[in-house]
Amino acid sequence: MSGCLCLPGYKKKTMDPVERLQSGFKQFKSEVYDKKPELFEPLKEGQAPTYMVFACSDSRCCPSVTLGLKPGEAFTVRNIAAMVPPYDKNRYTGIGSAIEYAVCALKVKVLTVIGHSRCGGIKALLSMQDGAADNFHFVEDWVRIGFLAKKKVLTDHPMAPFDDQCSILEKEAVNVSLYNLLTYPWVKEGVSNGSLKLVGGHYDFVKGAFVTWEK
């Protein structure tokens with residue numbers, strides 16, 4: 001419910017950050033939760049989401065808001081640049097466990113990775129120079145997951161302006177994540193037998209546009 005965009009009559013006010021959270025919940029409860037028991041009552045017994053969504057942690061991109069997803073519809077993972085690392089039992093186990101639970105326990109039907117315009121993680125990936133020291137403890141190592149996408153963009157569009165390369169990379173990084181999803185054995189099996197679908201997406205909040213493609 002980021003920014004309470006789904007709540008009628010919301011007015012942005014300057015208030016204590018903690019008070020803002022409490023106020024937001026009170027409005028959500030009175031305007032949404034209490035008025036839609038047919039939605040929330042079944043969720044008390046469990047969840048059966050159709051989607052697993054990988055989205056960026058960027059505060060401007062909330063998939064529940066931009067895609068109109070209701071509580072219970074999407075099992076969601078958000079991180080820098082919406083990256084999905086390849087299968088590895090010793091690294092990135094938080095991502096791996098989420099994928100395993102979504103596919104094997106919740107039986108989701110669609111895995112979707114959503115990139116977005118003006119992504120800081122993508123800009124950081126494209127800006128990285130070989131051999132240069134990292135500026136952060138974790139960020140550079142994380143976005144290197146998209147290295148093959150960066151290599152493709154620089155090879156295919158070497159003369160494009162930096163901002164244009166970033167825009168292309170936002171989508172190519174999604175493709176790398178979709179490819180990485182297939183390194184998880186239960187995902188590969190689901191795609192092979194038709195029980196799972198892989199979908200890429202890109203949200204452009206500058207133009208107000210959203211596109212999807214299947215892998």
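Residues are termed buried when their relative accessible area is under 20%, exposed when it is over 50%, and partly exposed in between (1.4 Å probe, protein chains only). Helices (H or I, at least four residues) and strands (E, at least two) are DSSP runs numbered from the N terminus. The structure is a predicted model, in which local features need pLDDT of at least 70 and side-chain atom pairs count only at pLDDT 80 or more, whereas totals for chains, interfaces and linings use all residues. Residues are numbered from 1 along each chain as its sequence is written, and side-chain values use heavy atoms, with hydrogens and water left out.

In helix H5 (residues 120-127), the buried residues are Gly121, Ile122, Leu125 and Leu126. Viewed down the axis of H5, these buried residues fall within an arc of 135°, so they line one face of the helix; the arc is that of the directions from the helix axis to the C-beta atoms. The cover over the buried residues of H5 includes helix H6 (139-143), helix H7 (147-156) and helix H8 (162-181).

Four positions, Cys56, Asp58, His116 and Cys119, are listed by UniProt under "binding site" in an unreviewed entry. They span 64 residues in sequence, yet no two of their C-alpha atoms are more than 9.0 Å apart, so they gather at one spot. UniProt positions are given in the numbering used here, feature names are shortened, and annotations may be inferred rather than shown by experiment. Cys56 belongs to strand E1 (residues 51-56) and is buried, with a relative accessible area of 6%. His116 is placed in strand E3 (residues 110-116) and is also buried, at 3%. Contact means heavy atoms within 4.5 Å. Not counting residues up to four places away in sequence, Cys56 touches residues including Arg78, Ile114, His116 and Cys119. With the same exclusion, the contacts of His116 include Cys56, Asp58, Glu170 and His202.

Side chains of opposite charge can pair when their charged atoms come close. A salt bridge is a side-chain nitrogen of Lys or Arg within 4 Å of a carboxyl oxygen of Asp or Glu, and the structure holds 9 of them. One joins Arg60 to Asp58 (2.7 Å, N to O); Arg60 is partly exposed at 42% relative accessible area, while Asp58 is buried at 14%. In another, the closest N and O atoms of Asp141 and Arg91 are 2.9 Å apart. Asp141 lies in helix H6 and Arg91 in the loop between strand E2 (74-79) and helix H4 (93-105), so this pair ties together parts that are 50 residues apart in sequence. Salt bridges that share partners also join Lys152, Asp156 and Glu172 into one network.

Rings of Phe, Tyr and Trp (its six-membered ring) pair if their centres lie within 6.5 Å; planes under 30 degrees apart count as stacked, over 60 as edge-to-face and the rest as tilted. A search of the whole structure finds 10 aromatic pairs. Tyr33 and Phe40 form a tilted pair, 4.8 Å centre to centre and with 45° between the planes. Tyr33 is partly exposed at 30% relative accessible area, whereas Phe40 is buried at 9%. Phe75 and Tyr101 form a tilted pair at 5.9 Å centre to centre, with 45° between the planes. This pair links distant parts of the chain, with Phe75 in strand E2 and Tyr101 in helix H4, 26 residues apart.
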